[in-house]
Amino acid sequence: MDREMRSLAKLITAMCVVVLLGWGANTFPPSYAQKTAQPQELWQRVYEQLPNLPLENKYISKETGKVAPDSTLVTRLLQYHLYVKGRAPNYRLDWKLTMADYLGANELIGETAYPGNDTLTTNPLESDRKAIAKLSRQQRNDLIATLVSLFAQNSQGKPTSVNNTPAGAIAPSPSPAPNSPLQPRPGDAQRLKL
């Protein structure tokens, strides 16, 4: 019986490794994010859905010397998530990792790589971190749900309006992306046996 349990444990471990390798943080190449994401358009939809979200768009453009009103907190959040980190736009967990980056609980955000560092006279990183930290957990969850919903609808070609999900409810899962790994099927585990 112990031998069977050890074999089963090895099989489960092998399956977990296969799944984790297939669904890693960089499952979606940047080209996927670029095809489905238009931060310059989506940030406006986010603010339509969440009008109380801080804009943080008071920064001066290096190029024009004037305030850059389109460089908002959400624009930079989208750019950081998609282009700096290369994270998938359709999954809540990836957005939660990005939120954790801003809250200093996950990966360190490099100042020189942060969106706006090259185009604005002042790097907005610290101000953006403070703005995210001031949001309540529910506000951050609403922001994540809105982003996931917009990207899921955008990638499916549907109109981009967000379903109003009650507080505490689980947002609907997006459909798998075209480049996502195949889902496990019955009998797949049998193929792992040597």
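Start by selecting Val84, which is partly exposed, with a relative accessible area of 35%. Val84 lies in helix 4. Keep in mind that this is a predicted model.

Show the contacts of Val84. Leaving out residues up to four places away in sequence, Val84 touches Gln79, Ala113 and Pro115. The C-alpha atoms of Val84 and Tyr114 are separated by 7.5 Å, although the two are 30 residues apart along the chain.

**Stop 1: the tyrosines**

What is the geometry of the rings of Tyr102 and Tyr114? A pair of aromatic rings is described by the distance of the centres and the angle of the planes. Here the centres are 6.1 Å apart and the planes of Tyr102 and Tyr114 stand at 75°, so the pair is edge-to-face. The cut-off for that label is over 60 degrees. Tyr102 belongs to helix 5, while Tyr114 sits in the loop between helix 5 and helix 6, twelve residues apart. Both tyrosines, Tyr102 and Tyr114, are buried.

Next select Tyr80. Ring pairs join Tyr80, Tyr102 and Tyr114 into a cluster. Across the structure, the count comes to five aromatic pairs.

**Stop 2: helix 4**

Tyr80 brings you to helix 4, where it is one of the buried residues. Colour this helix by burial. Nine of its twelve residues are buried, so helix 4 is largely enclosed by the rest of the structure. The buried set is Leu73, Val74, Thr75, Arg76, Leu77, Leu78, Tyr80, His81 and Leu82. Helix 4 is followed by Gly86, where phi is positive, near 65°.

**Stop 3: a buried charged pair**

Pick Arg76 from that buried set. Which residue does the side chain of Arg76 meet in a salt bridge? The partner is Asp128, at 2.6 Å, N to O. The pair links distant parts of the chain: Arg76 is in helix 4 and Asp128 in helix 6, 52 residues apart. Check the burial of both. Arg76 has a relative accessible area of 1%, and Asp128 has 0%. The limit for buried is under 20%, so both count as buried.

**Stop 4**

Move along to Arg87, in the loop between helix 4 and helix 5. Is Arg87 buried or exposed? Arg87 is buried, with a relative accessible area of 4%. Together with Arg87 they are linked in a network of salt bridges.

Take the Arg87 links one at a time. The side chains of Arg87 and Glu107 meet in a salt bridge of 3.7 Å, N to O. Glu107 lies in the loop between helix 5 and helix 6, so its pairing with Arg87 ties together parts that are 20 residues apart in sequence. Glu107 is partly exposed, at 35% relative accessibility. A polar contact of 2.8 Å joins the side chains of Arg87 and Asp101.

**Stop 5: helix 5 and Trp95**

Asp101 is a buried residue of helix 5. Other buried residues there include Asp94, Trp95, Thr98, Met99, Ala100 and Tyr102. Just after helix 5, look at Gly104, which takes a positive phi of about 75°.

Now centre the view on Trp95. What does Trp95 touch, not counting residues up to four places away in sequence? Its contacts are Leu77, Leu78, His81, Ala88, Pro89, Ile144, Leu147, Val148 and Phe151.

**Stop 6: the nonpolar core**

Trp95 is also a way into the largest nonpolar core, which has 27 residues. Select Val46, Leu53, Leu78, Trp95 and Leu143: these touch the most other members. Helix 3 (39-49), helix 4 (73-84), helix 5 (92-102), helix 6 (125-134) and helix 7 (137-156) each give two or more residues to this core. In soluble globular proteins, nonpolar side chains tend to be buried together.

**Stop 7: Glu56**

Finish at Glu56, in the loop between helix 3 and helix 4. Look at its backbone first. Most residues other than glycine have a negative phi. Glu56 is not a glycine, yet it has a positive phi of about 50°. Then show the side chain. Glu56 meets Lys58 in a salt bridge, at 2.8 Å, N to O. At 19% relative accessibility, Glu56 counts as buried, because the cut-off is under 20%.

To close, display every salt bridge: a search of the whole structure finds six.

Conventions:
Residues numbered from 1 in each chain as written. Predicted model: local features only at pLDDT ≥ 70, side-chain atom pairs only at ≥ 80, totals over all residues. Heavy atoms only, no water. Core = buried A, V, L, I, M, F, W, Y, C linked by side-chain atoms within 4.5 Å. Buried < 20%, exposed > 50% of the residue type's maximum accessible area, 1.4 Å probe, protein only. Helix = DSSP H or I, 4+ residues; strand = E, 2+ residues; numbered from the N terminus. Contact = heavy atoms within 4.5 Å. Salt bridge = Lys/Arg side-chain N within 4 Å of Asp/Glu carboxyl O. Polar contact = N/O pair within 3.5 Å; in protein donor to acceptor, adjacent residues only side chain to side chain. Phe/Tyr/Trp six-rings, centres within 6.5 Å; stacked < 30°, edge-to-face > 60°.
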